[in-house]
Amino acid sequence: MRRSVDHILISHVGSLPRPDALIEANRARQAGDTMDEAAFQQTLRTAVADVVGHQRKLDVDIPNDGEFGKSVTDRVHYGAWWNYAFQRWGGIEFGAPGPYGRTPQRSRPDEIVLTSQDNRRDRQLFAAAYADPESGVSMGPRPSTGPVCVAPLTYTGHAALQTDIANLKAALATSGVAEGFITAVAPGSAYRIGNRYYRTDEEFLYACADVMREEYKAIVEAGLILQLDDPATATGWDMITPEPSLEAYKKFTIVRIEALNHALRGLPPDRIRYHLCWGSWHGPHSTDIPLHDIVDVMLAVNAGAYSFEAGNVRHEHEWKLWQEVKLPDDKLVLPGIVSHATNVVEHPELIADRILRFADLVGRERVIASTDCGLGGRVHPQIAWAKLEALAEGAALASRQLWR
C-alpha cells in the first residue's frame, strides 16, 4: 500500500452513490425481468468508469469501484456490503427468517449467541425512535427473509468477481490512477445467517472463511488492495443480550479474528486493509463498545492498515487512545475524518485538525485520511460527494502544515 510520503493520501471505506441507471438495472434483474446481459454489463462498466473518474477529479488517491458490482436496488440501502456474498456461495437457500425478524436470543455467561437485529440493545432503548419512519434512523427497505446454509459451502462467484476486478482495473488505467481497492466481507461478519448444515457455530464460521479466501486471493493476485469489511467485531457487542463481560466478548470475538487470519494465510499484509465500524445506520449508538476495549483485537488481524470510525460524535474522542496504544511500525491507519452519520458537510479546517491529531501520534506517512463508513446509500449523493470534496480540501490544508 502507498504511504503518505509527500502529502496526506485520501481514500474512503467503499460504498459510493449508485447512478439511477444502475439502480434500475439491478432492480429489474432482481425482479426477474428479461433483459439483455450485454446491456447490463455495459451499464455497469460505464458506471464504474464514471465513479473512478469522479473520484480522480476530487483528488481521491486510492479509489474503488464504489462497490457497484454489489447489487443495490434502492437509493437508501445498507446491506450490499455483506449480502452480495450470498449470491456467490453454493450451499445457500433463501426464504428463511431474515436478520430483523428472527427470534430474539438470550446469552448465558458460558454461551454467547447473537440475537436478532431488531433485538439490539440500542434498538430496545430507543424503540420509539427506531419505529418512527420520520425520525431519521430508517435504514430503507428491510427484507423479511434471508439466506440459510443447507449444504457444504462453495464459492461460485468467480465470474462476478472477475467482472468487478476487470471493471475497476480498466477504470483505473483510463483515469491514470496507480492504486485501487476492492471490498470483501470478512467471515465473522458474513456468517451471521441461518445454518442448517454445519454442526457447530465455529465449524460454519471456518467454512465461511474458506470460501471467502478465494475472493481475497483473487483480489490480491490481481494487483489490487483488498479491504476486509468486518463491522461485526464491534457491532456484535450490541447484539448480545444481556450485555456480556468484556472478557467474554473478546474471547468470543477473537475466534472470528482467528478465522479471518486463517482465510488470509500466505497473503501479503501490505496489500490488505481492515475496516471496523459500529454499523452505519443513523441511530443513537449509545451501546457501542469503546474502541479502546477492542483495539488489540483489531490489531490482531494480519493486515497492513486499519480503518475505523473517528469522525462521528460517538467516537471522535477515541483518537486519544493512540497516545498509549503503539501502532506497529509496519502498519498504517485510515481513520474516519468525515462521517456518514450526519448530513453536515465537515469544514476543511476541522478535517485538517483531525488529520493532524493522527499524524502527530503515529507519523504523517502512516495516515491515510478516510471516511467513517460507506457514504453510498447512507446520505444523499450530493452530500456524499461534497464530503469527499471537503476531505480532499482538508487533507491539502493538513499536508501544507506537515510538509512545509
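I began with the second largest pocket of this predicted model, and noted that β2 (89-97), β3 (145-155), β5 (194-195), α8 (201-221) and α10 each supply at least two residues of its lining. The largest share of that lining, 5 residues, comes from α10. I then looked up the volume of the second largest pocket and found about 830 Å³ of space; of the 36 residues that line the pocket, Ile112, Val113, Leu114, Tyr191 and Asp201 are the closest to its centre. By type, I noted 18 nonpolar, 8 polar and 10 charged residues in the lining of this pocket.

Next I turned to salt bridges, of which a search of the whole structure finds 17. I looked up Glu215 and Arg88, whose closest N and O atoms are 3.4 Å apart; this pair links distant parts of the chain, with Glu215 in helix α8 and Arg88 in the loop between α3 (80-83) and β2, 127 residues apart. Glu215 counts as buried because its relative accessibility is 1%, and Arg88 counts as buried at 5%.

For another pair, I noted that Asp329 forms a salt bridge with Lys326, at 3.0 Å between the closest N and O atoms. Asp329 is exposed, with a relative accessible area of 56%, and Lys326 counts as exposed at 60%. I also found that salt bridges with shared partners join Arg88, Asp164 and Glu215 into one network.

Last, I looked at helix α11 (residues 291-299), where Leu291, Ile294, Val295, Val297 and Met298 are the buried residues. The buried residues of α11 pack against α9 (232-235), α10 (246-264), β7 (272-275) and β8 (305-308).

Notes. Residues numbered from 1 in each chain as written. Predicted model: local features only at pLDDT ≥ 70, side-chain atom pairs only at ≥ 80, totals over all residues. Heavy atoms only, no water. Buried < 20%, exposed > 50% of the residue type's maximum accessible area, 1.4 Å probe, protein only. Helix = DSSP H or I, 4+ residues; strand = E, 2+ residues; numbered from the N terminus. Contact = heavy atoms within 4.5 Å. 1 Å grid on protein atoms, 1.4 Å probe; cavity = no way out; pocket = protein on both sides within 12 Å on 5 of 7 lines; lining within 4 Å. Points joined across faces, edges and corners; volume = space filled by probe spheres on them. Nonpolar A, V, L, I, M, F, W, Y, C, P; charged D, E, K, R; others polar. Salt bridge = Lys/Arg side-chain N within 4 Å of Asp/Glu carboxyl O.
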